[in-house]
Amino acid sequence: MSLSIMRRVKFCAGHRLVGHEGKCAHLHGHNYVAEFYVTGDGVDSVGRVIDFSVLKTTLKGWIDEHWDHGFVVYEKDDNAIDLLEQAIPRRFYTLPYNPTSENLARYLLDEVCPKLLQPLGVICDRVVIWESDESCAAACREVGAKRGK
Ligand SMILES: Nc1nc2c(c(=O)[nH]1)N=C([C@H](O)[C@H](O)COP(=O)(O)OP(=O)(O)OP(=O)(O)O)CN2
């Protein structure tokens, strides 16, 4: 049996999708919800995989610092980057791929969660990004694969 917990983090961010055939090619924003599913080796003496508030401090802390109330843009979107560099104060974050919900989830799962959670002794195996109440994308992996098993 494995035990898993989930912490939600809400944030607002702007983006645009390079190559999108419709309105999402324009700069626009969303009230996102990120869900982080976290597992570990059993539970502590209190019965927790990890305290929810530790996840909040760690994961919301990263999102607040890097994405919340900023733009998340594709690193090859030179035109958007030129524009966002003019803004004072400046606040944007580049991704190595288009900032779709799928890719935001993938980036959090692959790049952010391992760095933040490894020192805490837990693993994130699933990130879900809700772009609206109706649409979400999930990135997931087998925990065994992540642990190199
Ligand atoms: N698979 C994905 N498809 C789309 C993504 C995405 O991240 N993954 N993103 C977008 C755009 O960001 C867009 O803002 C959302 O589009 P859409 O769902 O069409 O927007 P609404 O639900 O607000 O549509 P209304 O027609 O305005 O109600 C597009 N696709």
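1. Leaving aside neighbours within four places in sequence, Cys24 is in contact with Arg16 and Leu17; contact means that the C-beta atoms, placed from the backbone, lie within 7 Å. Cys24 sits in the loop between strand S1 (4-15) and strand S2 (28-40). Because Cys24 has 16 C-beta neighbours inside 10 Å, it counts as partly exposed. A residue is buried if 20 or more other C-beta atoms lie within 10 Å of its own, exposed if 12 or fewer, and partly exposed in between.

2. The model is predicted: local features need pLDDT of at least 70, side-chain atom pairs count only at pLDDT 80 or more, and totals for chains, interfaces and linings use all residues. Residues are numbered from 1 along each chain as its sequence is written.

3. Glu131 lies in the loop between strand S5 (122-130) and strand S6 (136-140). Leaving aside neighbours within four places in sequence, its contacts are His30, Tyr32, Ser101 and Cys136. Glu131 is partly exposed, because 17 other C-beta atoms lie within 10 Å.

4. An unreviewed UniProt entry places the feature "active site" at Cys24, His69 and Glu131. Such annotations may be inferred rather than shown by experiment, and the positions follow the numbering used here, with feature names shortened.

5. The protein chain has four helices and six strands, in the order β-β-α-β-α-β-α-β-β-α from the N terminus. These are DSSP runs: helices are H or I, at least four residues, and strands are E, at least two, numbered from the N terminus.

6. Of the 149 residues of the protein chain, 27% count as buried. Among contacts between residues at least 6 apart in sequence, 59% join residues at least 24 apart.

How values were computed: Contact = placed C-beta atoms within 7 Å.
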